[in-house]
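Here is a quick walk through a protein model, written for someone meeting it for the first time. Have a look at the sequence and the fold, then read on.

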Amino acid sequence: VEEKMGAKYVENRQVEFAKSYEESGPGTPIFFILSPGVDPLKDVEALGKKLGFTFDNKNFHNVSLGQGQEIVAEQSLDLAAKEGHWVILQNI
């Protein structure tokens, strides 16, 4: 790819989560497609804390999907839709 299209298509590029957040909205969720060694959770948690979304405030939910977690995820999403919370679904 680099030979034909150039280096910019194979370089690792990081986008600030705050910038992505500015471009999102209630009807525009943010999806991360991760590569090995990449974990945006710290950036999401940091911005959430700045904006008042935390685990302690019970308005920031992190669900790692697996056996039996579908119900937990659905409940978190329903609550978030009603009350404006943040939800992270991992291992989709």
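## A buried phenylalanine

F53 counts as buried because its relative accessibility is 15%, and buried means under 20%. You'll find F53 in the loop between α3 and β1. Bear in mind as you look around that this is a predicted model.

How far apart are the C-alpha atoms of F53 and A18? They are separated by 14 Å, with the two residues sitting 35 residues apart along the chain.

K58 has something else to show: a positive phi of about 60°, although it is not a glycine.

## The largest pocket

Now for some empty space. Rolling a probe the size of a water molecule over the atoms shows where such space is left. In this model, the largest pocket holds about 1200 Å³ of it. The lining is made by 30 residues, and those closest to the pocket's centre are P29, I30, V87, I88 and L89.

Which elements give two or more residues to the lining? They are α2 (17-22), α3 (41-51), α4 (69-83) and β2 (86-90). The biggest giver is β2, with 5 residues.

What is the lining like by class? It has 21 nonpolar residues, along with 7 polar and 2 charged ones.

V1, M5, Y9 and V10 make a nonpolar surface patch of about 430 Å².

Take V10 from that group: its place is in the loop between α1 (2-5) and α2. Is V10 buried, partly exposed or exposed? With a relative accessibility of 45%, V10 counts as partly exposed, because that value falls between the 20% and 50% marks.

## One salt bridge

Side chains of opposite charge can pair when their charged atoms come close. How many salt bridges are counted here? The count comes to 1.

The partners are E23 and K19, and their closest N and O atoms are 3.4 Å apart, which is inside the 4 Å limit for a salt bridge. How open are the two to the surroundings? E23 counts as exposed, at 57% relative accessibility. K19 is partly exposed, because its relative accessible area is 45%.

## Out in the open

Last stop: Q67, in the loop between β1 (60-64) and α4. Why does Q67 count as exposed? Because its relative accessibility is 83%, and exposed means over 50%.

Q67 also gives you a handy distance to check on screen. From C-alpha to C-alpha, Q67 and S24 are 30 Å apart in space, and 43 residues separate them in sequence.

How values were computed: Residues numbered from 1 in each chain as written. Predicted model: local features only at pLDDT ≥ 70, side-chain atom pairs only at ≥ 80, totals over all residues. Heavy atoms only, no water. 1 Å grid on protein atoms, 1.4 Å probe; cavity = no way out; pocket = protein on both sides within 12 Å on 5 of 7 lines; lining within 4 Å. Points joined across faces, edges and corners; volume = space filled by probe spheres on them. Helix = DSSP H or I, 4+ residues; strand = E, 2+ residues; numbered from the N terminus. Nonpolar A, V, L, I, M, F, W, Y, C, P; charged D, E, K, R; others polar. Patch = residues over 30% accessible without salt bridge, like charges linked within 9 Å, V, L, I, M, F, W, Y side chains within 5 Å. Areas by Shrake-Rupley, 256 points an atom, 1.4 Å probe, with all protein chains shown as cover. Salt bridge = Lys/Arg side-chain N within 4 Å of Asp/Glu carboxyl O. Buried < 20%, exposed > 50% of the residue type's maximum accessible area, 1.4 Å probe, protein only.
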